[in-house]
Amino acid sequence: MIYQPKCKIEIETVKATSIHDVDFDTLEFGKIFTDHMFVCDYENGAWKTPKIMPYQALSIEPSARVFHYGQAVFEGMKAYKDADDMIWLFRPDENFNRINKSAVRLAIPEFPEAYFFEGLKTLLNLESDWIKKGLGNSLYIRPFVIATEQAISASPSNAYKFMIICSPAKAYYTGDVRVLIAEKYSRSANGGVGFAKAAGNYAAQFYPTNLANKKGLQQIIWTDAGTHENLEEAGTMNIFFRIGDKLITAPNNDRILDGVTRKSLIQLAADNNIECEVRHLKVKELKDAARNGTLKEIFGAGTAAVVSPIIAFEHAGEVFELGKFKDSYANFLKEKLMNIQYNIDEDVHNWRYKV
Ligand code: COI
C-alpha cells in the first residue's frame, strides 16, 4: 500500500519497475536511479503542488538560468533498512535546514518543511525494495533545486524545480584514499559560499582534483585561501586528524560545509571519551606529527563517504605514508555511527527518523 502523505502530493507510479535489471552487488556510486522522482515547481512566488512521477528526463529550455549562472543547491542523505524491514533516515532535519540555508545564500526561495518530509516519506515507501538490508547498503538520496526561468540576465530566477532522486549505494571509496594538500587552488573564500552545498563549489574542484588524480591521489584536502596553512576539508567530506590520542577537526565557518557526519562523529567521540579538538590544524603541525610519529590517522567523514581512512598525503612534493592503523578511531566511530543509522544500537541523541 502506498504511504498516504499528510499534504497533497500527486502520485503517478511506474508501470514496471527497473529493479530487476540492477546488480546490487556491483553498484558504482550514483550511477543507477530508482523508479520514481519527486518534483515541485516554484512559479509566481509560490511552491506548487508536489508530484511523484516515474524517473525520467526533464525538458528544460537552454535559456534556463541554472545553465548560465549555476543557481543550484543540493543535499546528500541516505535511507537505511533494519533487520525488520523498517526504513530509517539519519538526522534529516539537518539536511532540510541546510538546503534552505544554502538556498538563501544562492537567492533561492526556501522549501516548505511539510513538502520535504512528506515527499521523502512517500518516495521512500514507494522505493522500499531498492533499500537493501545489511551494513553498508543504503539508498543515497539527492534533493536539489535548480533555477528554471528562461532568462539570461545575471539575476536570480523567478522559477525553480525542487527535486529528489534516489540511487542505491554501497561505499563511495572502494580502494585506498591518498590525498594532496592544496598549495595553490582554493575551495572557498571568506564571505563566499563554502558553507553552502552550492553545485558550483563542487564543479570548481574538478580541475585541481583531476591534477591530483593524475598523480595517483584521489582527493584534495583544501587549505584556507588566504595562507594555505590551515587544513579545512576535502572535496567530498570533512576531515579528521588523530595526533597521539586526540582528534582534531576544523571549526565551521563560512568556508566549511557544516557536515552532518562530522558533527555526529564529534558527538560520538565525546560520548566515548575520545578527546576531539575543534580547531585549525596547520599543515606544518601535520607534517611535524607525521615526521615524529605522533600522526596516527587521517579520515574523511561525509554522507556518501561515511568514514573513509586516508592512507597517505602529499604536500609540497613530499609524500607521507600513514599505512593502515588497526585500532583506529575511524573504525570505532564508523561502527558506532552505522549501528545507530541501521537501528542496531540505542539512539540516545534521537538522530534516527522512522520513515
Ligand atoms: C555527500 O556526501 O552526500 C555529498 O554530497 C558529497 C558528494 C559530492 C558525493
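The second largest pocket sits between domain 1 (10-170) and domain 2 (178-341), because both of them give residues to its lining. These bounds come from an automatic or database domain assignment. The model is a predicted one, so to speak of local features a pLDDT of at least 70 is needed, side-chain atom pairs count only at pLDDT 80 or more, and totals for chains, interfaces and linings use all residues. Residues are numbered from 1 along each chain as its sequence is written, and side-chain values use heavy atoms, with hydrogens and water left out.

On a 1 Å grid over the protein atoms alone, a pocket is an open set of points with protein on both sides within 12 Å along at least five of seven lines, while a cavity is a set of points where a 1.4 Å probe fits but cannot get out; lining residues have an atom within 4 Å of a point. Grid points are joined across faces, edges and corners, and a volume is the space filled by probe spheres set on the points.

Back to the second largest pocket, then: its space comes to about 510 Å³. Its lining counts 34 residues, and those closest to the centre are Val307, Ser308, Pro309, Asn331 and Lys334. At least two lining residues come from each of β6 (77-81), β17, β18 (306-315) and α7 (329-341), where helices (H or I, at least four residues) and strands (E, at least two) are DSSP runs numbered from the N terminus. The top contributor is β18, with six residues. Sorted by class, this lining holds 18 nonpolar, nine polar and seven charged residues; Ala, Val, Leu, Ile, Met, Phe, Trp, Tyr, Cys and Pro count as nonpolar, Asp, Glu, Lys and Arg as charged, and the others, Gly among them, as polar.

The largest pocket holds about 870 Å³ of space. It is lined by 37 residues, with Phe74, Arg142, Tyr172, Tyr202 and Thr236 closest to its centre. Two or more of the lining residues come from each of β8 (138-147), β9 (160-169), α4 (199-214), β13 (237-243), α5 (260-271) and β17 (295-302). Helix α4 has the largest share, eight residues.

The largest cavity has a volume of about 120 Å³. Among its 14 lining residues, Lys78, Tyr80, Phe90, Thr303 and Gln341 are the closest to the centre. The elements giving two or more residues to this lining are β6, β7 (87-90), α5 and α7, and β6 has the largest share with three. By class, the lining of the largest cavity has seven nonpolar, six polar and one charged residues. Domain 1 and domain 2 both supply residues to this lining, so the largest cavity lies between them. The second largest cavity, at about 40 Å³, is lined by Phe24, Leu27, Trp130, Lys132, Asn137, Ser138, Pro168, Ala169 and Lys170. That makes five nonpolar, two polar and two charged residues.

Val283, Leu286, Lys287 and Ala289 are buried (under 20% relative accessible area, with exposed being over 50% and partly exposed in between, using a 1.4 Å probe and protein chains only). These four cover an arc of only 160° around the axis, which puts them on the same side of α6; the arc is that of the directions from the helix axis to the C-beta atoms. On the other side of α6, Lys284 and Asn292 are exposed. Gly293 follows the helix and has a positive phi, near 85°.

Two residues stand out for their backbone. Most residues other than glycine have a negative phi. Asn44, though, has a positive phi near 50°; it is found in the loop between β2 (36-43) and β3 (46-47) and is exposed, with a relative accessible area of 75%. Ala316 also has a positive phi, of about 50°. Ala316 lies in the loop between β18 and β19 (318-321) and is partly exposed, at 44% relative accessibility.
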